[in-house]
Each structure stands twice: as C-alpha cells, then as structure tokens.
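Dear colleague,

Please find below the structure that I am handing over to you. My notes on it follow directly after.

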Amino acid sequence: MAGQPAGKVLRIVQITDTHLYGKPDARLLELNTRESLDRVLDLVSEREATFELVLATGDIAQDASEEAYHHFADAIQRFGRPFYWIPGNHDRASVMRRLERHSAALEKRIRLGNWQILMLDSSVPGEVHGRLKSSELEWLEQMLVEADADETVQHSLVCLHHNPHPGTADWMQGIGLHEAERLLEVLDRHTSVRAVLYGHIHQELDFEHNGIRYLCSPSTCIQFKPGVTDFTLDDRAPAYRWLELGADGTIESAVERVPDYDLEVDFNSEGY
Ligand SMILES: [Fe+2]
C-alpha cells in the first residue's frame, strides 16, 4: 500500500495565515507576525515528536514579498520535513511560483500511505474572496476519479485557503469561497474525500457536511471573533493544527494554542 505499513497513522501539521512581512520588525495590527510564528513553531517542536510534513494553507505573506516567503521556509526548516503551500488572498501566486528554491512546496498532489492530499489554489488576484478556476476544479475531479480507480489511494484530504462554507460573522459573508457549490458538488460525488482543510477566517471550526469533515484552523497571528457583526479580533492565542490520518480513513485532529501568550494587538481595528 504505497510504501506505508497497513495501520500506520500519518501525523501532519497545518500552519496557516502566518501573514509574514519582508521586514523583520513589521507588525499586523500591532502584532509582530514573525514573533508569533516563532512561538507557534516552538510549540510544534515541543509537542510533535514526529510528523510527516507541514501544510501551509495560505496567507503565508501579508505583503507578498519574496523575503516573507523565504522567511517562512527558513523558519520551518528546523523540522527537516517537507512543506507544501498554497496561496491565500494576501499572497501573490506569481511570486510563489518564481521562487525556485521552494518549487517543491508547490506540489499539488501529495501521496502519503493510502491517502492523497490535494492542494487547491482558491486565490483571486486583487480580491479578498476566493474562487476556484474551472481548470482547478477539473484537476480536482480528475484526481478524485483516478483515486476511485486506484486501490492504493483510498482516502483524500482536500486543502484550500478560503472557507467553502459561510463564515461565522456577518462581516465575513462576502469574503469566503465564491461559487462554493461547484466545489461541494465535486467533493460529494467521490467516495474517497474524508476532509477539507482551510484557513482564511482565523478561527477553529470542526464540523461535518454530507459525510465530509470540514476543518478550519486559527492563524499563527491574529484571530477573528466568531458570531459578531463587524470586524472584531478575538483574544485567543496563535495556534497550529495537527492531524492524524488513519489507514482506515479516520482523522484525529486538534488545535494547539501557544500557552500564556501575551497578546499585543490593536483590538480597536476595523479591518486588516
Ligand atoms: Fe489570513
């Protein structure tokens, strides 16, 4: 079964919405995003004895600078594990594509045991909301059709930046994945899809829809408060998510937050 012993659990780490800047001292709503990422990575070092890889689900950079992407890669190099990234609304896919040093991180399909991890680009240049191009949806369909016919691929984890279900606050309603029903139709047609993993709305969510698990994860920097009308920051600490993919298709997962974090952030801000 694709090189993994049957029954082996595959542990992976998701890091999302790091919002890094090229300049080391730059701050997002008064928070230094390099520092908060370092705190999260320290926690990963402490809690994760072994894991296979890192999935970075977008908004890697706040300023789309090459330096910010290099910084991310340098910072997680300490784990000696491969990482894979997809662009968010603050990223620039064209910049990510020209970084030859990190070309392996752009891999869209990752095979792991009897799982495949599919990385979708939902970014729309110049827009906060997301949308999947037809070519992206066709590729997803093709990967899922191939999995249906390939007995070594039994489970699929689909990753994108934008939330495919409406956000949990009024102000978020327009900024999620537009035409999300086109994605859900594809996912619902194939039996190997176990979960969809994303970021973008900077909070922890874990729910099921049509038998598929949807996991949204907090940012490594600022958090957005759920259930409010206008843009409001949450006072919760930076975090990462771990997932354990079972050979039987089960997923164990939890969010780990930096303990005793002294959050220095502008709670009066009206946007980011
Ligand atoms: Fe973000």
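**Notes on the model**

S217 sits in the loop between β11 (212–216) and β12 (223–224), where strands (E, at least two residues) and helices (H or I, at least four) are DSSP runs numbered from the N terminus. This is a predicted model, in which local features need pLDDT of at least 70 and side-chain atom pairs count only at pLDDT 80 or more, while totals for chains, interfaces and linings use all residues. Residues are numbered from 1 along each chain as its sequence is written, and side-chain values use heavy atoms, with hydrogens and water left out.

With a relative accessible area of 1%, S217 is buried (buried means under 20% relative accessible area, exposed over 50%, partly exposed in between, with a 1.4 Å probe and protein chains only). Its side chain makes a polar contact with the side chain of R241, at 2.7 Å. A polar contact here is a pair of N or O atoms within 3.5 Å; within protein, one must be able to donate a hydrogen and the other to accept it, and residues adjacent in sequence count only if both atoms are side-chain atoms. Leaving aside neighbours within four places in sequence, S217 is also in contact (heavy atoms within 4.5 Å) with residues including Q14, T16, L197 and H202.

Two residues deserve a remark on their backbone. Most residues other than glycine have a negative phi. H19, in the loop between β1 and β2 (27–28), has a positive phi near 50°. N210, in the loop between β10 (205–209) and β11, likewise has a positive phi, of about 50°, although it is not a glycine. Are these two residues buried or exposed? H19 counts as buried, at 0% relative accessibility, whereas N210 is exposed, with a relative accessible area of 56%.

Beyond its neighbours within four places in sequence, I15 is in contact with residues including L37, V54, F72 and Y240. The buried residues of α2 are A68, Y69, H71, F72, A73, A75 and I76, and they pack against β1 (10–15), α1 (33–47), β4 (53–56), β5 and α3.

About 500 Å³ of space lies in the largest pocket. Of the 24 residues that line this pocket, P87, A93, R97, D121 and S123 are the closest to its centre. A pocket is an open set of points on a 1 Å grid over the protein atoms alone where a 1.4 Å probe fits, with protein on both sides within 12 Å along at least five of seven lines; lining residues have an atom within 4 Å of a point. Grid points are joined across faces, edges and corners, and a volume is the space filled by probe spheres set on the points. α3 gives the most to the lining of the largest pocket, with four residues.

The second largest pocket holds about 210 Å³ of space. Among its 14 lining residues, A73, Q77, R81, F83 and H102 are the closest to its centre. α2 provides the largest share of this lining, three residues.

Yours sincerely
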